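Open the model in your viewer and keep the sequence panel beside it. The stops below tell you what to select next and what to look for there.

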Amino acid sequence: MTLWLGLALAGASLPAAAQALDQDGDQPAIEPGSPQTVLEVADWVAASGDNRGLPFMVIDKTTAQVFVYGPEGQLRGETPALLGIAKGDHSAPGVGDRELADIPVADRTTPAGRFMAHYGPAIGTTEKVLWVDYETAISMHPVVTSNPKEHRLERLKSTTPDDNRITFGCINIAPAFYEDLVRPAFTGTGGVVYILPETMSLAEALPALQTQTATASAQSR
């Protein structure tokens, strides 16, 4: 996997770091807002204990936003994100082992589903990233600005999600949010990442949610 090369190329009260837009543009200026599906998934996670007592996050690809929660389901912060340039909820077979130049645009997706995330070294460097799905080389890391032609920081700062699809599949977020909220929460124990679908149904992406919802509905009759 050549992830690190890809990085170079390619209602709760929020903490101050998650609210402010500093002079370097670390925190994008975007109005916060939790889509109903995000709230429903977060409520289900907290009520069912599906996160196993670990911090978790819900990523909504349609609005290109990341919501970070504590182990008990308390919202700690939310932020815009850059995602895979291609829409789709599956990773192509073997994509994590390909050279970046060999990954066609159609395969540069951010997959949907439930993932056990942990910190570990990026390929070819001692720098650690939050591995969402190591097998397919999907990680979360601060936005990289080494390729000016991609305008990643500008895309992240815009108030619309329409231009947030640019990565090879990894999730890019503001450095301040990553360092102040994500790294402290997920270092050590890791956590669970729920990525909402954009082409498949929620039941397909999170079958455990569908099963428990159906069971609860049957028991209430």
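Two residues are in contact when they have heavy atoms within 4.5 Å of each other. This is a predicted model, in which local features need pLDDT of at least 70 and side-chain atom pairs count only at pLDDT 80 or more, while totals for chains, interfaces and linings use all residues. Residues are numbered from 1 along each chain as its sequence is written, and side-chain values use heavy atoms, with hydrogens and water left out.

**Stop 1: a glycine in a loop**

Select Gly73, in the loop between β2 and β3. Strands (E, at least two residues) and helices (H or I, at least four) are DSSP runs, numbered from the N terminus. Which residues does Gly73 touch, leaving aside its neighbours within four places in sequence? They are Ala46 and Phe56. Gly73 has a relative accessible area of 23%, so it is partly exposed. Buried means under 20% relative accessible area, exposed over 50%, and partly exposed in between (1.4 Å probe, protein chains only).

**Stop 2: the whole protein**

Show everything as a cartoon. There are seven helices and ten strands. Of the 221 residues, 47% count as buried. The accessible surface comes to about 10,300 Å², and 53% of this belongs to carbon and sulfur atoms; such areas come from the Shrake-Rupley method with a 1.4 Å probe, and for residues only the protein chains shown count as cover.

**Stop 3: the sheet**

Select the strands in the order β3-β2-β1-β10-β5-β6-β7-β9: these eight form an open sheet with mixed pairing. Two strands pair if DSSP finds at least two bridges between them. β3 (75–80) and β9 (171–173) are the edge strands; each has a single partner, so one side of each has no neighbour in the sheet. From one strand to the next the twist averages 25°. Angles run from 0 to 180 degrees between N-to-C directions, and axes are lines fitted to C-alpha atoms, for helices over the stretch in contact.

Go to residues 56–60 (β1) and 65–69 (β2), which pair in the antiparallel sense over five bridges. Here Ile59 stands opposite Val66 in β2.

**Stop 4: strand β10**

Select β10 by itself. Is this strand mostly covered or uncovered? It is mostly covered, since five of its five residues are buried. Gly191, Val193 and Ile195 point one way, and Val192 and Tyr194 point the other way. In a regular strand the side chains alternate between the two faces of the sheet.

Next, show the partners of β10. β1 runs parallel to β10 and is joined to it by four bridges, with Phe56 opposite Val192. β5 runs antiparallel to β10, and five bridges join them; Phe115 stands opposite Val193.

**Stop 5: two nonpolar cores**

A nonpolar core is a set of buried Ala, Val, Leu, Ile, Met, Phe, Trp, Tyr and Cys residues joined through side-chain atoms within 4.5 Å. Select Met57, Ile59, Val66, Met140, Ile171, Ile173 and Val182: of the 29 residues in the largest core, these touch the most other members. α5 gives the most to this core, with six residues. Another core, of 18 residues, lies apart from it, and includes Val41, Trp44, Phe56 and Ala205.

**Stop 6: a buried arginine**

Select Arg165, in strand β8 (residues 165–167). With a relative accessibility of 13%, Arg165 counts as buried. Show Glu198 too: the side chains of Arg165 and Glu198 make a polar contact (2.9 Å). A polar contact is a pair of N or O atoms within 3.5 Å; within protein, one must be able to donate a hydrogen and the other to accept it, and residues adjacent in sequence count only if both atoms are side-chain atoms.

**Stop 7: two positive phi values**

Most residues other than glycine have a negative phi, and most peptide bonds are trans. Select Ala64, in the loop between β1 and β2. Its phi is near 55°, a positive value, and Ala64 is buried, with a relative accessible area of 1%. Finish at His151, between β7 (138–142) and α4 (152–157). His151 has a positive phi of about 55°, and at 44% relative accessibility it counts as partly exposed.
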